[in-house]
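The following exercises ask for a careful reading of one protein chain. Please work through each task before turning to its solution.

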Amino acid sequence: MRAELSRGRRFPEPPHPYRSDYARDRDRIVHSRAFRRLEAKTQVFTIRYSDHFRNRLTHTLEVSQIARTVAAALGLNTELAEVLALVHDIGHPPFGHAGEKKLDELMRAHGARFNHNLQALRIVEQFESPYLDFPGLNLTFEVREGIIKHSHDYTAAELPHLTEYLLDVRTPLEGQLIDWVDEIAYNTADLDDAREAGLLDLDAARGEVRVFDEAYAQIDASYPGGRDKLKFNAALRLVLDHLATDLIENTQQSVLTLGAATVDDIRRAPLRLAGFSDALAQRNTELKRFLFKHIYNHPAITEDRDRSVRCLEELFVYYLDSPGSMPGSHEESVRTETRYEVVCDYIAGMTDQFLLRKHDEQFGSRASSGTDRIPEKL
């Protein structure tokens, strides 16, 4: 997707002398407040363990690195792939997917929904407004389209208010790649962080995840006397490389098989063209299944998660039932939007610790995140 062929910005701007439109979009995301807040939003492991595990921001940077690599190997627009990677999680609320699930549940009670991708669009179009000439960040069409469609295809019936984003066709390959590189990044990173947290059973991982077992066996054969931690790190790098290489080769083959030669061919393809081969998709599923079984549902993770999500729910109900309880700008917004929408936007924009602090101010010490019970081995 060439920047000079972009459908442009909602509010026209003169071209920059030495940055493409997609490069400017990237810079606008990086300098946004919502992007900075990702540093204080949970990926999987909370500060109960350590402050050097991945958070939403460091995860996003890893996704961006892989996205650029894959896009370059496929001859795609690396700047567009990069900005889509940098913005892909900007709509996440506190406490990761558990927080998103709870907000969606709370909004469904009012006949509405919460989706972090759609929230990201609201952020870049409405809430981030640093410019005098227009509201929002005024990003290019392809970036706004990719925010919505990178991980899911919607119909006009589902999102009638967003039909301008060509819901009847695919997003370009740069957008289609994001969901896959996101999986590569978090699947491998979560194994890494789980080992650092002392929650990973290496034998169980080798027994249940073939792609990891094969990589570890290769490293072990080459470095039989190597330190276990370094062999684990090397095996994990092999897994990441294996997944990324398969994504590149299978996507390339899918494009060639279809005979696609233009962005319009990609858009009108009957199916998305980016993705793993069937064999690697199966092994990636094994990796995901292992993480859910042994890590994401581990009591050390679920205790913090469930406690934090309860705080989110209680704070949502408090703000909803207490006029005047939110900051003035949000209370002012209630004049033009429903209160539950404004409450949702306010909470979704919070960092983990800010939400717990606001909960503590209102309800007392029940907001404890469990950081006083750090395992001795950590």
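Each exercise below consists of a task and a stepwise solution.

The structure is a predicted model, in which local features need pLDDT of at least 70 and side-chain atom pairs count only at pLDDT 80 or more, while totals for chains, interfaces and linings use all residues. Residues are numbered from 1 along each chain as its sequence is written, and side-chain values use heavy atoms, with hydrogens and water left out.

**Exercise 1. Helix spans**

Solution. 
Step 1. Helices are DSSP runs of H or I with at least four residues, numbered from the N terminus.
Step 2. Just after α11, G259 adopts a positive phi of about 80°.

**Exercise 2. The surroundings of α6**

Task: Determine which residues of α6 are buried and which helices they pack against.

Solution. 
Step 1. Apply the accessibility classes: buried means under 20% relative accessible area, exposed over 50%, and partly exposed in between, with a 1.4 Å probe and protein chains only.
Step 2. The buried residues of α6 are H116, N117, Q119, A120, L121, I123 and V124.
Step 3. With contact taken as heavy atoms within 4.5 Å, these buried residues pack against α1 (21-30), α2 (33-37), α4 (78-87), α5 (96-108), α7 (141-149) and α16 (339-348).

**Exercise 3. Aromatic pairs**

Task: Classify the ring pairs W180 with F276 and F212 with Y216, and locate their residues.

Solution. 
Step 1. Rings of Phe, Tyr and Trp (its six-membered ring) pair if their centres lie within 6.5 Å; planes under 30 degrees apart count as stacked, over 60 as edge-to-face and the rest as tilted. A search of the whole structure returns 10 aromatic pairs.
Step 2. The ring centres of W180 and F276 are 5.1 Å apart and the planes meet at 75°, so this pair is edge-to-face. The pair joins distant parts of the chain, 96 residues apart: W180 belongs to helix α8 (residues 173-196), and F276 to the loop between α12 (263-267) and α13 (278-296). W180 is partly exposed at 25% relative accessible area, whereas F276 is buried at 8%.
Step 3. F212 and Y216 form a tilted pair, with 5.9 Å between centres and 45° between planes. Both residues lie in helix α10 (residues 210-222), four residues apart, which is about one turn of the helix. F212 is buried at 2% relative accessible area, and Y216 is buried at 5%.
Step 4. Ring pairs also link Y318, Y319, Y346 and F363 into a cluster.

**Exercise 4. Charges over rings**

Task: State the distances at which R7 lies over F141 and R195 over F232.

Solution. 
Step 1. A charge sits over a ring if NZ of Lys or CZ of Arg is within 6 Å of the ring centre and within 35 degrees of the ring normal.
Step 2. R7 is placed over the face of F141, 5.5 Å from the ring centre. For R195, the charged end is 5.2 Å from the centre of the F232 ring.

**Exercise 5. Nonpolar cores**

Task: Describe the largest nonpolar core and the other core that lies apart from it.

Solution. 
Step 1. A nonpolar core is a set of buried Ala, Val, Leu, Ile, Met, Phe, Trp, Tyr and Cys residues joined through side-chain atoms within 4.5 Å.
Step 2. The largest core has 85 residues, and those with the most contacts inside it are I29, F45, V70, V124, V143 and F212. Helix α11 supplies the largest share of this core, 10 residues.
Step 3. Apart from this core lies another of 22 residues, including L106, M107, L315 and V342.

**Exercise 6. Cysteines**

Task: How many disulfides are there?

Solution. 
Step 1. A disulfide is a pair of cysteine sulfur atoms within 2.5 Å.
Step 2. The count by this rule is zero. C311 is in no disulfide, and its nearest cysteine sulfur, that of C344, is 17 Å away.
Step 3. C311 is buried at 3% relative accessibility, and C344 is buried at 2%.

Note on methods:
Helix = DSSP H or I, 4+ residues; strand = E, 2+ residues; numbered from the N terminus.
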